[in-house]
Amino acid sequence: MIEFQHVFKSYGQGRNILADISFRVTAGEFVYVAGPSGAGKSTLLKLIGGLETPSRGSIQVNGHRLEQLSARARPYLRRSVGVILQDTHLLYDRSAIENVLLPLTVTGLASDVARARARAALDKVGLSTKENTPPIELSGGEQQRLAIARAIVNRPAILIADEPTASLDRETARRIMSVFKDFNRVGVTTVIASHDDALMAEYATRAFKIEPGKFADSAARRSSTATTQTSGPGYQEPQIGGAAR
Ligand code: ADP
């Protein structure tokens, strides 16, 4: 589903942000990416979403080999990976449903079919009563749920999210995480970057930890399919409690 083989990433002539990272994530896993600010969590997610290209190495996502991806194939990758970045990029001058309709405009769906799909997406994240509300009038948690609705409206096989609970109180953060868990339960492979180890441990089944020059995979010791480099001296492996709800 997602496979990195000896991936390196630097920006311009800069240092390697990610160096020689290899892993394989299979369909339906729930992975969280931990690590301090600036470690490269967003970079890893952007590589999975095809928003950045690797400097070296090979990345395969849902059958697409990203370093060879043609311009024609790129929209198919975009549709198979739902992306929620730190800045949700919601359009504040449009209603909630218009935001969710946006990714469907390029699919050529008839407008009534697209609208029904957008409504279903809003319903899945608990926002069906807010379809005509502009994002500016939604709470932080509701805006995050709207960003999730927009990311899943194309029914992606993979969902990636960068710090989706960062500015939310505990209860709202849990509500957001249970929305992700609901999609994961029906088979959506989920990768979330977060600082909140305790919260993520309740939901994720696997953890990647990125620190400068280090990459650890909690599955590396459990599974022979993980080919990840791990653990320097004194390195604490991420603790994962497994799917909670
Ligand atoms: P994290 O998500 O863990 O905070 P990032 O992946 O955002 O880390 O950033 C990792 C490093 O890469 C940081 O030093 C950041 O400044 C740098 N970086 C991220 N994006 C770019 C970019 N587009 N151009 C140059 N440097 C970047």
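Strands S9 (residues 206–211) and S10 (residues 214–217) run antiparallel and are joined by four bridges; strands count as paired when DSSP finds at least two bridges between them. Both are DSSP runs, numbered from the N terminus, with strands (E) of at least two residues and helices (H or I) of at least four. Across this pair, Lys-214 of S10 stands opposite Glu-211. Two residues lie between the strands of the hairpin, where Gly-213 takes a positive phi near 80°. This is a predicted model, in which local features need pLDDT of at least 70, side-chain atom pairs count only at pLDDT 80 or more, and totals for chains, interfaces and linings use all residues. Numbering starts from 1 along each chain as its sequence is written.

As for confidence, pLDDT (the predictor's confidence in each residue, from 0 to 100) averages 88 over the protein chain, with 90% of the residues scoring at least 70. Residues 224–237 stay under 50, and the model has 25 contacts for them beyond four places in sequence, a contact being two residues whose C-beta atoms, placed from the backbone, lie within 7 Å. Where pLDDT is low, the predicted coordinates should not be read in detail.
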